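Hello,

Here is the structure I promised to hand over. My notes on its aromatic rings follow below it.

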Amino acid sequence: MAPARRRHHHRRRLPAIVAAVFFVLLLLLVLLSFLAPPLLDQPLPDRRLLRRPRSDDAQLRNESEMNRRQISDAIFHVPDNVESWRDDLWSSKMAVNFYGCSNSSNNFPDARFVTYPDRYLMIATSGGLNQQRTGITDAIVAARILNATLVVPKLDQRSFWKDASNFGEIFDVDWFISFLSKDVKVIKELPKKGGKLIRGPYTMRVPRKCTQRCYVTRVLPVLLKKHVVQLTKFDYRLANRLDNDLQKLRCRTNYHALKFTNQIQEMGDKLIQRMREKSRHFIALHLRFEPDMLAFSGCYYGGGDKERRELGKIRKRWKTLRTSNPEKERRHGKCPLTPYEVGLMLRALGFSNSTSLYVASGEIYGGDETLAPLKALFPNFYSKETLASKDELRPFVGFSSRMAALDFVVCDGSDAFVTNNNGNMAKILAGRRRYFGHKRTIRPNGKKLYSLFMNRANMTWDTFASKVKIYQRGFMGEPKEIRPGRGEFHENPSTCICENPDLNSRKVDVISREDNKKGNNLGSNSSSSRILSVPSNNGEADLADSDYGKEMPDSESGDPGKEMPDLELGDPDSEDPETELDEILSD
């Protein structure tokens, strides 16, 4: 009986233990309730606030996209061990068959026999350095059409770029006058008559893309009556297609007569030399990614409300700009590539991370954060500010055109020139490099690359690189890449490029006259480096771009039967202000 009583005793103690454990747990919950903040202290959220605004939705989508790309880095990995010393990467095998040829024909008489003594043409250029360069080049041709003496052009000192430099502080004015002496008479200022300067000029403006006939019917009658005429806002005021001798005069002016001052050229050559000391080859990248440029373009780069607010505020400066569709602009290849996208394109083409990169740019939107991905792809990253001391740059700082001229010299002397835009500098350098031996010039095929960049997270690096190489055919600066007559003449000077089928007798047609006597100090422009390259492309580049103006029909050039009224011609209001802004900002 005793053992039975002990089992009954244990059964009575079990509920007491359970109760004790329960009591301890209850005590812990009470303590936690005292330590936690009271729920009623927090206001209940309004149901309407639970709905995120559209901008937040867009931001979430952007963040989601960024996260997706980060996750895919394991798939889309840019290799480091890419060989970039292949000759076909840096130059064109076909280039040895072509050379610049801009000598005049026997039917182009000396300026002494065609220039009238009482006709003086003055030009007021417009825009930045490279836009003004096109105006100066076309001014020489306009003076020749009018058989007039040209007064050294006046540079634009009041526009967006605000540079107080005059012609002689950028270009070698004496060389300019001497070299063109057989083509057009050029003087530094209006002559005196009876001890006094000739009466001030009659000011007028010609339409854009004005043809030879346009100048003869619109300007010549005024010039005959007033004797001194000044053409204002002289940029892109000459037709793209002219007689061959006039086109060759354009080339002689642009590629031989327009030389920078010794101060600019020598500093530019020093920068090139310092790049050469760092690497056997180097790329020069003209990177347009400034806030003003991006605001004007109307493009969007995924920066959320902050980007829209900042660029939108800048965009309000130009009241004439129409509302753009950022997605459409990007899809049509109208937006400048980001620094990272440029870097990916170059690495995909075969340039290794050891390649030296010279970057010509202004203030980059987003600063170092925006440049960081490009620097990661190309650690050997340089600019004029990193290559030269403050003392060396002091004569140029504060003068946008002089600083741009230094970049121009280095870009022209590079082994490969790359651009993320289709602005004035990109066009002029593309044409110049074609003329001096088809040096490697890479323009992004924006339309094709856009979709590739957007979908790169879904493919391997090898697939991405293969597609970039295919899409960039026709955009690598190869001979005959663009049909003659397509695009701006300054970008595609086909009239001034001749073909030599003899591989062993390649030459560059260095103009005779005084060129050799004065040493033809073209510096890096002489293109003495070896030219090699890649196979021919399978298709022609698509150059449809808003920057390419259409040539004015003869019907718009003026009626020769009508008397020219004595008033300013070419109503500024009739021109598209957005086009003018585009050309100014794209310099």
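Are Phe171 and Phe260 buried or exposed? Phe171 is buried, and Phe260 is buried too. Here buried means under 20% relative accessible area, exposed over 50%, and partly exposed in between (1.4 Å probe, protein chains only).

Some background. This is a predicted model, where local features need pLDDT of at least 70, side-chain atom pairs count only at pLDDT 80 or more, and totals for chains, interfaces and linings use all residues. Residues are numbered from 1 along each chain as its sequence is written, and side-chain values use heavy atoms, with hydrogens and water left out.

Now the ring pairs. Rings of Phe, Tyr and Trp (its six-membered ring) pair if their centres lie within 6.5 Å; planes under 30 degrees apart count as stacked, over 60 as edge-to-face and the rest as tilted. By this rule there are 13 aromatic pairs. One of them joins Trp90 and Phe351, edge-to-face, at 5.0 Å centre to centre with 80° between the planes. This pair links distant parts of the chain, 261 residues apart. Trp90 and Phe351 are both buried.

Back to Phe171 and Phe260. Their ring centres are 5.6 Å apart and their planes are at 10°, so the pair is stacked. These two residues lie 89 apart in the chain. Ring pairs also link Phe171 and Phe260 into a cluster with Phe167, Phe176 and Phe408.

Best wishes

Notes: Helices (H or I, at least four residues) and strands (E, at least two) are DSSP runs, numbered from the N terminus.
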